[in-house]
There are 2 protein chains.
Amino acid sequence: MPRTKSHTPHSLADDALAVFWNAGFGATSMDDLVRATGVSRHGIYGDFGGKRALFLACFDRYQDLVVTPAFAAVERPGAGLAEISAYFEHQIGAAEALGLPGPGCFVANAATEVAPHDAGVREKVAQHNDRLRRGFANALRAGAGPAPDDRMIARLAETALVFATGLWSLSRVADTAGGLRQAAADFIAALERMLS
Amino acid sequence: MPRTKSHTPHSLADDALAVFWNAGFGATSMDDLVRATGVSRHGIYGDFGGKRALFLACFDRYQDLVVTPAFAAVERPGAGLAEISAYFEHQIGAAEALGLPGPGCFVANAATEVAPHDAGVREKVAQHNDRLRRGFANALRAGAGPAPDDRMIARLAETALVFATGLWSLSRVADTAGGLRQAAADFIAALERMLS
DNA sequence: CTTGTTTCAGAACAATCGTTCTGTTTCAAT
DNA sequence: ATTGAAACAGAACGATTGTTCTGAAACAAG
């Protein structure tokens, strides 16, 4: 009896993610979302209940669509510095392909724009950062030789998280990828020396 | 004949900076500025002409009030890794004193929130980043020994800029300063090894 | 004190926001 | 074909935004 839906919550969040990622939360209007997703206001409010809830749903889609494909190799058992390096290169290459200055990291953008005013977003950001921390630690352990110092691994993982966050942040204002690429290479080299 | 002014453009921008720094550009309303600065709408528009112009003026005040006092030691001839380390510690300590999660870096916040939509802000951010790059390069040169490799110095300065940017970004969501402080120490140690 | 200029306090404005609501259209089951 | 539930398009709403405007208050010079 009912009319068939033209979208699923998944596809709606996917399209919304692209808009939020590029323009941020505040600069994205409900009209922008209707136009970009092709879904009526009624449909958006029916599926998610509002702009903020849709934004929160985008975090999960971003994990599945962007973070996991790029970061899974770092999280795999047996990963090493090469996988961390490939992760950096993958993201810089993607930013370069989309044109610099680019959209950066969706989570990092949300962290500075909305996390201070929104505990729910702050929680999502914390979960994302923890995932990166664990992934980096996993890859650093393999590169640490036979007797890894867990204390040092945790610290270097934190350092890698700081560096990765800085990379996405700078990619929002950089005109060229050269500097970022060289910085990433130098950072990998530094990690290598710290582990030996 | 005229009534005496209760403020100067400098003091007005100083007070506005505190508000923008904590809440960001979009989340700060004109009413917030009037309340926080004690200056009427008429006064604000008379001195600067609008919200955006006042925001741009805050960049210059931020340089004078925050960046220069913390970063001048790094820019001084003869500075070395110790000055870079002190700069990190200075900023982390300040963030800790203000309570974490903190406001981070005013420029870095503006870079992610408004730079994508505003060429003027993008220009200000680029100038700030260039200043940091030059400062880091200056301090790295002194630590590089008798025959510094300018090519490598420039790359490491870029790496330091990426790391510093990541530090401020993470300080906006971190609950404790411990991780940041350890990461900074590790990064300094890594720079030391890269230079030798 | 008077005067003239400037600041101040707040009302008023148009525009835009997120959200809600009202018909109309669509489609599957009968 | 009829029917009814659900999605659609878009108007409408209240709230809030940045900006402009108006009248009253304040201060220094004469």
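Me: Two residues are in contact if their C-beta atoms, placed from the backbone, lie within 7 Å. Going by that, what is Cys58(B) in contact with, leaving aside its neighbours within four places in sequence?

Reply: In this predicted model, Cys58(B) is in contact with Ala13(B), Ala16(B), Leu17(B) and Phe20(B), once neighbours within four places in sequence are set aside.

Me: And which residues touch the most other members of the largest nonpolar core?

Reply: That core has 110 residues, and the ones that touch the most other members are Cys58, Phe136 and Leu167 of chain A, together with Cys58, Phe136 and Leu167 of chain B.

Me: OK, zooming out, how many helices and strands does chain A have?

Reply: Chain A has nine helices and zero strands, and its C-alpha atoms fill a box of roughly 65 × 35 × 30 Å when this is taken along the principal axes.

Me: How much of chain A counts as buried?

Reply: Of its 196 residues, 42% count as buried. As for contacts within chain A between residues at least 6 apart in sequence, 66% of them join residues at least 24 apart.

Me: Back to helices: at what angle do H1(A) and H4(A) cross?

Reply: Their axes cross at roughly 95° and come within 9 Å. Because angles of 65 to 115 degrees count as roughly perpendicular, H1(A) and H4(A) are therefore described as roughly perpendicular to each other.

Me: Which residues meet there?

Reply: From H1(A) there are Ala13(A), Asp14(A), Ala16(A), Leu17(A) and Phe20(A), and these meet Leu54(A), Phe55(A), Ala57(A), Cys58(A), Arg61(A), Tyr62(A) and Leu65(A) of H4(A). Sorted by class, the residues of this contact are 10 nonpolar, no polar and two charged.

Me: What about H8(B) and H9(B), what angle do they pack at?

Reply: Helix H8 (residues 150–171) and helix H9 (residues 178–195) of chain B pack at an angle of about 175°, with axes 11 Å apart, and they are therefore roughly antiparallel to each other. On the H8(B) side the contact is made by Leu156(B), Phe163(B), Leu167(B), Leu170(B) and Ser171(B), while H9(B) contributes Leu180(B), Ala184(B), Phe187(B), Leu191(B) and Met194(B). That contact has nine nonpolar, one polar and no charged residues.

Me: I clicked on Gly179(B) in H9 of chain B. Is that glycine buried or exposed?

Reply: Gly179(B) is buried, because it has 20 other C-beta atoms within 10 Å, and a residue is buried if that count is 20 or more. Not counting residues up to four places away in sequence, Gly179(B) touches Glu158(A) and Ala174(B).

Me: Then how many residues does each chain give to the contact between A and B?

Reply: Chain A gives 37 residues and chain B gives 37 residues. On the side of chain A that touches chain B, the elements giving two or more residues are H6, H7, H8 and H9 of chain A, and the largest share, 11 residues, comes from H8(A). By class, that side has 18 nonpolar, 12 polar and seven charged residues.

Me: What covers the buried residues of H6(B)?

Reply: The cover includes H6 and H8 of chain A, together with H1, H4, H7 and H8 of chain B. H6(B) runs over residues 106–113 and is mostly covered, with eight of its eight residues buried, among them Phe106(B), Asn109(B) and Glu113(B).

Me: New topic: how far does H5(A) reach, first C-alpha to last?

Reply: H5(A) has 18 residues and reaches 26 Å, close to the 26 Å expected at 1.5 Å a residue. The buried residues of H5(A), including Tyr87(A) and Phe88(A), pack against H4, H7, H8 and H9 of chain A.

Me: Where is Pro101(B) found, and what is the bond from Leu100(B) to Pro101(B)?

Reply: Pro101(B) is found in the loop between H5 and H6 of chain B, and the peptide bond from Leu100(B) to Pro101(B) is cis, with omega near -5°.

Methods:
Residues numbered from 1 in each chain as written. Chains lettered and ligands numbered in written order. Predicted model: local features only at pLDDT ≥ 70, side-chain atom pairs only at ≥ 80, totals over all residues. Axes fitted to C-alpha atoms, helices over the stretch in contact; angles between N-to-C directions. Helix = DSSP H or I, 4+ residues; strand = E, 2+ residues; numbered from the N terminus. Parallel < 35°, antiparallel > 145°, perpendicular 65-115°, else oblique. Nonpolar A, V, L, I, M, F, W, Y, C, P; charged D, E, K, R; others polar. Expected span 1.5 Å × (residues − 1). Buried ≥ 20, exposed ≤ 12 C-beta atoms within 10 Å, placed from the backbone. Core = buried A, V, L, I, M, F, W, Y, C linked by C-beta atoms within 7 Å.
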